[in-house]
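Please keep the structure in view while reading.

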Amino acid sequence: MINLREIKIAFTGLDNAGKTSFLIALRRKFNFYEFVKELLPTKLIEFNSFNFLNLFAINIWDMGGQEKYRQLYVKNLIYFEATDFLYYVIDIQDEKKFEDTLEYLKKLLIIYNDMGYTNEVIVCFSKFDPDLRQNEEYINRRENLKKNIEEKNEKIKFKFFDTTYYDISSLSKAISYSLNKLINLDNINMHINNLGKLLESNYIILYDDTGLIIADYYYRITDTREFEQKISTKISEDLKFFQSLVDSKSSFSERTSFFNGQKEYAKKFEIPTKNGKTVFYLGLTTNKLEHFQMKKEFDKFQEVLERIFK
Ligand SMILES: Nc1nc2c(ncn2[C@@H]2O[C@H](COP(=O)(O)OP(=O)(O)O)[C@@H](O)[C@H]2O)c(=O)[nH]1
Ligand SMILES: [Mg+2]
């Protein structure tokens, strides 16, 4: 067994912001909703650890957000030490707490700045549920918060995401963003791009075995609203399918279906490695090739994955 590189992600924010649900939903992906409804407040800190690509051990520190714990953290900096990525979760539905949450964020940023943290701070506007996405009041809330955060912390770089546990792809995107900084994915992205053009795909997405997005290609989708409408549901469907393969221990590794005149593929890839095997899933649409030609492309893709991840 080779050693995995340990990565620490600190998941912070006020209590009730949606941190624990975010992490549970991300881990379970499928049928998770019943499970998160009855959450108890997180006591101090909970750890979530998972293996990423057989290369990294990702440790997510879910830092309970109640007042008493927040005071404890800011007095004991050990909790924050050696953080690779700082996430800050803000409940977009709870306007009454905006002032408090901005204040706690400010405290954290001072601490992190003093500790020499230089990565981006990833801010998630949580509970941005699908029915609120087009809602002007919520869009304004978000824009005001963004402006406020950026203006008051000019030295720090931020990345913002709208997230909701009703759309797992929104969670996956927010976490993938930082994990993708750990490895150089230029090669795989280049290959996915070429494949996208060759297959005239609307989208191609490569996931790891926990449903995180490793690389993606979208045809002419530039604004986020279009992304939400066209792609999020596809991603969620892909993830559910892959989860069902895992749950049923199915020996199927591929699915083909038709949608709006395009062929859709979902396929599992296994790459043998020193640690056993690394699993990837690919989801794509095409209006191009015959099945035997697709198979040829998939074989080539398997080789590309082996070259990069073996
Ligand atoms: N509508 C909605 N509710 C959410 C969402 N995420 C979490 N919640 C609810 O918010 C409450 C607090 O969530 P929890 O994960 O315990 O927050 P934490 O204290 O930050 O860990 C729970 O009742 C969740 O069901 C979301 O995306 N949308
Ligand atoms: Mg919690």
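In the largest nonpolar core, which comprises 69 residues, the members touching the most other members are Leu86, Tyr87, Tyr88, Leu206 and Tyr207. A nonpolar core is here a set of buried Ala, Val, Leu, Ile, Met, Phe, Trp, Tyr and Cys residues joined through C-beta atoms within 7 Å. A residue is buried if 20 or more other C-beta atoms lie within 10 Å of its own, exposed if 12 or fewer, and partly exposed in between, with C-beta atoms placed from the backbone. Strand E4 (residues 85-91) gives the most to this core, namely 6 residues. At least three core residues come from each of domain 1 (5-179) and domain 2 (186-309), the bounds being taken from an automatic or database domain assignment. Setting aside residues up to four places away in sequence, Tyr88 touches Thr12, Gly13, Leu105, Leu108, Val121 and Val123; contact requires C-beta atoms, placed from the backbone, within 7 Å.

The model is predicted: local features need pLDDT of at least 70, side-chain atom pairs count only at pLDDT 80 or more, and totals for chains, interfaces and linings use all residues. Residues are numbered from 1 along each chain as its sequence is written, while chains are lettered from A and ligands numbered from 1 in the order in which they are written.

Overall, the protein has 9 helices and 11 strands, these being DSSP runs (H or I, at least four residues, for helices; E, at least two, for strands) numbered from the N terminus. Of its 310 residues, 33% are buried. Among contacts between residues at least 6 apart in sequence, 70% join residues at least 24 apart.

E9 and strand E10 (residues 262-273) run antiparallel and are joined by 6 bridges; Arg255 stands opposite Ala266 in E10.

Helix H6 (residues 168-179) reaches 17 Å from its first C-alpha to its last, close to the 16 Å expected for its 12 residues at 1.5 Å a residue; the expected span is 1.5 Å times one less than the number of residues. Its buried residues include Ile168, Leu171, Ile175 and Leu179.

The loops remain to be considered. Between strand E2 (45-52) and strand E3 (56-63) lies Leu53, whose phi is near 60°, a positive value in a residue other than glycine. Leu53 is buried, because 23 other C-beta atoms lie within 10 Å. Asn54, in the loop between E2 and E3, also has a positive phi of about 60° although it is not a glycine. With 19 C-beta neighbours inside 10 Å, Asn54 counts as partly exposed.

Conventions:
Two strands pair if DSSP finds at least two bridges between them. Two residues are in contact if their C-beta atoms, placed from the backbone, lie within 7 Å.
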